[in-house]
Each structure stands twice: as structure tokens, then as C-alpha cells.
Amino acid sequence: MSSEQPLKTKLTNIIEALQEDFIERGTAVRLALLSLLAGEHLLIIGAPGTAKSELARRLHQVMDDGDYFERLLTKFSVPEELFGPLSIKSLEQDRYHRLTKNYLPSANIAFIDEIFKANSAILNSLLTLLNEREFDNGQVREKVPLLSVIGASNELPEEDELVALYDRFLCRYEVQAVSDEKFLTLLTLQERDSKAIKTMPKLSLNVLHDIAQQSANIILPEEVLNLIQSLRMFLAQQKLHVSDRRWRKIIKLLKVSAYTNGQAQVSVWDCFLLQHCLWQVPAQKHLINHWYQSHLGIGSGFNQERLEKLVATWEVTLSDEQSKKVQLKNSLNELLYSNRQGEQTTIAEQYATLEKNGEPLYLAPPDNDDRTNNEQGYTRQALRDEFFDDYYQQCHIDGHWQHIEDYIAQTDNQFRQLLENSPLYISQRYSQSFVDKRVSETQTLYDELKQFSQALAKQTENLGNELSQHLWVTNDFIQQASQSLQETIVAAMDLQQRLKQVNNSFKRLPVEELERSVTNN
């Protein structure tokens with residue numbers, strides 16, 4: 001750590017010097033310097049007059065050696081403007097060779113304004129130079145000393161052929177005009193003292209080389225991997241494609257951020273930088289930043305969506321098992337039912353005589369087409385009046401005379417209906433081992449939630465100390481992060497409470513009587 005602290009101190013001083021007299025450009029300054037340290041490129045989107053070129057010139061002043069190149073592209077720009085003129089002497093010898101000194105292939109730091117005006121004659125060489133740090137000079141591919149390019153544009157590229165060039169810029173930043181609150185400060189701003197430029201701390205190529213070597217050994221902990229994996233899934237849902245190459249470069253950037261900040265491993269706070277690496281259009285930056293702030297707890301293992309689903313699943317499982325019913329049985333293991341009189345019976349269905357005003361109903365004699373009287377049946381009096389003589393109260397049926405009392409005494413002549421008796425249900429009883437397993441599983445998840453809450457509380461407690469001295473995180477983020485973590489803690493405690501209720505309810509599930517008696521004995 002002793003070798004890291006002076007580096008962090010030097011970088012802190014450099015950041016202060018770079019942003020001196022720069023109004024509301026703290027984030028752009030940090031991104032430019034971090035891109036240089038990581039060997040990556042920065043794209044700045046913004047209207048003319050927003051200090052884009054001045055930032056690049058100041059970044060060059062950070063280096064104590066190396067060359068600087070600056071160029072404004074137009075749609076009429078030719079390769080000579082970027083890569084140098086053709087050597088006449090080489091042409092005389094039938095060789096194609098450019099004189100690259102003082103041009104982009106010889107520069108360490110470069111600023112290319114209106115970079116998306118690059119035409120096809122420039123584009124392929126520029127892509128190779130930005131990505132591979134190589135330049136095809138005639139038949140020879142030469143290594144170039146390029147460290148970082150700051151590209152600038154008033155607008156995003158629209159042509160498909162520029163997509164690859166756009167992807168070469170790992171960090172992207174949209175710069176705005178100075179706000180109304182700082183406008184008067186801008187008007188009264190004094191010219192920057194040239195002495196301040198000369199006394200600004202410097203970085204050497206050896207220091208940058210050492211940063212690259214040492215940062216490769218920085219640990220990438222599981223909490224950061226969990227956060228990034230969840231973010232990747234979120235971006236996929238938003239139809240925001242991020243190439244594998246860009247993810248690899250992002251990890252490198254995060255490691256450089258951690259190392260230069262004096263850390264042994266990448267932290268969730270370094271992931272603050274992700275919002276500047278993943279958007280395709282500026283509006284997506286706010287979407288990513290909002291997701292990051294609301295998911296800070298993932299860094300401690302707390303994945304709210306996953307845990308919410310788990311708790312909800314247990315709540316549904318509990319409800320199902322509480323409401324589950326089984327049919328009651330007697331001592332002979334026969335299913336029991338309740339008949340119309342409310343009495344227990346083992347008969348699932350039985351015939352019942354229909355009645356009208358308390359009187360049983362009967363069917364007409366068999367020789368009638370409709371014995372049921374349109375499903376109304378006949379009372380004894382109606383049956384007598386309709387089919388039996390007044391004196392003998394008899395009716396001729398199947399060749400014999402039959403008295404009405406004999407007729408109604410026969411079951412086949414009663415107006416009956418087949419009725420289903422209601423099954424008798426009781427709550428499902430579970431084995432003690434089943435209940436114990438449910439209690440154990442929900443208790444394990446409850447303990448996990450409790451640990452998450454404690455980790456979140458610790459994360460919130462250390463927030464100010466960790467971020468106030470962080471090189472690459474802006475001060476205004478501390479309050480936002482604290483609020484987001486507090487909201488996450490509240491969500492975690494709410495899940496804890498819900499799961500505790502589930503756990504207690506599982507303990508109260510009815511247990512099988514046999515097991516209960518054995519347990520009691």
C-alpha cells in the first residue's frame with residue numbers, strides 16, 4: 001500500500017489541476033484521466049464551445065514526455081491530414097510510405113474533433129490505430145505509441161459504417177453548457193495561470209506501464225460479478241447490446257480504477273463508472289445510473305428481484321398447504337359423507353323421495369307416457385283424484401286392480417331423485433418431518449435475508465468514508481447512493497418480516513395424529 005498511496009495523492013493533485021477553472025466538468029476530467037491511465041479512449045458529445053478541445057490539451061500536459069496531435073475532420077478530410085503526407089523519395093523508389101512524424105501515428109495523446117466525419121478513406125486505418133495501436137504504413141505495419149484519443153462530436157453517428165468506430169470509445173460523456181447557477185461564475189472567470197500548468201504533477205510512460213501491470217492483479221470479487229451479471233441481464237431486457245469485447249475492456253477499466261484508488265480489489269463503488277461505458281444514446285445513461293443506484297445491494301449479495309420471487313413463492317406454497325383438504329374417514333378407513341339430514345354416512349349417493357309442502361310425491365301409473373307430471377310429481381290426493389276411483393280407491397294396473405295404499409307403498413312408484421351426499425373434509429395433516437423441512441427451508445432463507453440486511457447496513461455506514469476519498473466517484477453521488485441503500489434496507493427488512501410470518505405459519509400446520517401422539521409420548 002505504501003507504493004500506492006503516493007500515486008493516489010499525485011492523481012488527486014492532477015485532477016484538481018486539470019479541473020481548475022473548469023466549471024461543471026469534474027466528471028469529464030476524471031473520465032479523460034482514467035481513460036489515459038487505462039489506455040482507452042473517451043468520446044465527448046456536445047455542442048461547440050463546451051471546452052472539449054481544452055480538456056484534451058490539458059490531458060496532454062499531464063504527460064512529461066510524448067507528443068500531442070489535434071485535428072478537426074470534415075467530410076472532405078483526406079488521410080494525409082491524420083496520418084501524414086506520402087514520402088516523395090519513397091514513391092521514387094516505388095514504395096508507398098507516409099511521413100508520420102507530428103501526425104496521429106506518432107502521438108501519445110490526440111484530440112479528433114468531429115470524428116464521425118471520418119470517411120471510408122480514413123476509417124479503416126483509424127480503426128486499426130485505435131484498437132490494435134498499429135498503423136499500416138505502406139507494406140509495413142508499425143506499432144504506434146498512442147495512449148488515448150479524445151474524440152468529439154456534435155452528434156451521434158447514424159451511418160452503419162461508423163458503428164465500429166463508435167464502439168472503439170470505451171468511455172462516453174455528453175457535455176452540457178454551463179448551468180444557470182454557474183453562468184455568472186463563467187463570465188467572471190480569470191484566464192488560467194501558465195505557472196499552474198508548469199507546476200502541475202506529471203505522469204511518465206513508466207508510471208502508466210506500471211499501472212497497467214499492477215492493475216491486472218486486482219481482484220474481481222463475487223459481489224461485483226453479481227452486480228455486473230444482473231446489469232447485463234437488465235440491458236438485454238432493454239434491447240441494449242453490449243459486445244463481449246466492451247465488457248472485457250470495462251473490467252480492465254474497473255481494475256485500473258480500483259488500483260489507482262489504492263484498493264486491493266474492485267468495489268461496487270468502482271461500478272459507478274459503468275454508466276459512462278454502456279450507453280448507445282445519452283438518455284440510456286440515466287437509465288443505467290438509476291438501475292445501478294437501485295441495485296447497489298446486489299454488491300452485498302442482495303438481489304431484490306430474486307428474493308422477492310422466493311418469498312412470494314413460499315407465501316403461495318404456505319397458502320396452498322393451509323387450504324389443502326382431505327376427506328374424512330371412519331375407523332374402517334371408509335370415506336365419510338353428510339346426507340340431507342346432516343348425518344354422517346359412508347354412502348356417496350342415494351335416492352331421496354321428493355316432497356311438496358311436506359307431503360311425499362308419487363309417479364303416475366305405468367301406462368302413462370309422463371309419469372312425472374312434467375317433473376312436478378303427484379301428491380297422494382292428486383294421484384287419487386286423477387287415477388283412482390272414488391269408492392274403492394283402486395286403479396287397474398297391469399291387468400289387476402290395485403288399492404292406492406298398496407300403490408304408494410311400492411318404492412318404484414315414489415317420485416325419487418338420485419342425490420350426491422356431500423363429502424366431509426378436514427384440513428390436511430402433514431408428517432412432522434414434512435413440517436420440519438418447511439420450517440428449516442424458510443428459516444435458512446430468513447437467516448440469509450438477515451445477513452444481507454446487516455451487510456447493507458455496514459455498506460451504508462462505510463459509504464461516506466469510502467466515497468469521500470474515491471478518485472473517480474463524484475461527490476454528488478454519495479447522497480444518492482445513501483438514499484438508495486436505505487431504500488434497499490427497508491425492502492430487505494420487509495422481506496424478512498414476510499418470511500418470518502411464513503415460517504411461523506408453517507410451524508402451525510396440523511400434524512398427523514399418530515405422529516403427534518408418538519412425539520408426545
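Biologist: Which residues form a nonpolar patch on the surface?
Modeller: Keep in mind that this is a predicted model. The patch is made by Phe183, Leu184, Leu186, Leu187 and Leu189. Together they have about 470 Å² of accessible area.

Biologist: Where does Leu189 lie?
Modeller: Leu189 is in the loop between helix H8 (183-187) and helix H9 (194-198).

Biologist: And what is the relative accessible area of Leu189?
Modeller: The value is 35%, so Leu189 counts as partly exposed. That class sits between the 20% and 50% cut-offs.

Biologist: New topic. Ala258: buried or exposed?
Modeller: Buried, because its relative accessibility is 0%. Ala258 belongs to helix H12, residues 244-260.

Biologist: What does Ala258 touch, leaving out residues up to four places away in sequence?
Modeller: Ile218, Gln263, Gln265, Val266 and Asp270.

Biologist: How many residues apart in sequence are Ala258 and Trp472?
Modeller: 214. In space, their C-alpha atoms are 9.2 Å apart.

Biologist: Now the strands. In what order do the three strands form the open sheet?
Modeller: S10-S9-S17, with antiparallel pairing. Strands S10 (344-345) and S17 (422-423) are at the edges. Each has a single partner strand, so one side of each has no neighbour in the sheet.

Biologist: How many bridges join S9 to S17?
Modeller: Two. S9 covers residues 337-338, and it runs antiparallel to S17.

Biologist: Which residue in S17 does Ser338 stand opposite?
Modeller: Ser422.

Definitions and conventions:
Residues are numbered from 1 along each chain as its sequence is written. This is a predicted model: local features need pLDDT of at least 70, side-chain atom pairs count only at pLDDT 80 or more; totals for chains, interfaces and linings use all residues. Side-chain values use heavy atoms; hydrogens and water are left out. Two strands pair if DSSP finds at least two bridges between them. Helices (H or I, at least four residues) and strands (E, at least two) are DSSP runs, numbered from the N terminus. Buried means under 20% relative accessible area, exposed over 50%, partly exposed in between (1.4 Å probe, protein chains only). Contact means heavy atoms within 4.5 Å. Patches are made of residues with over 30% relative accessible area and no salt bridge: like charges are joined within 9 Å, nonpolar side chains (Val, Leu, Ile, Met, Phe, Trp, Tyr) within 5 Å. Accessible areas come from the Shrake-Rupley method with a 1.4 Å probe; for residues, only the protein chains shown count as cover. A salt bridge is a side-chain nitrogen of Lys or Arg within 4 Å of a carboxyl oxygen of Asp or Glu.
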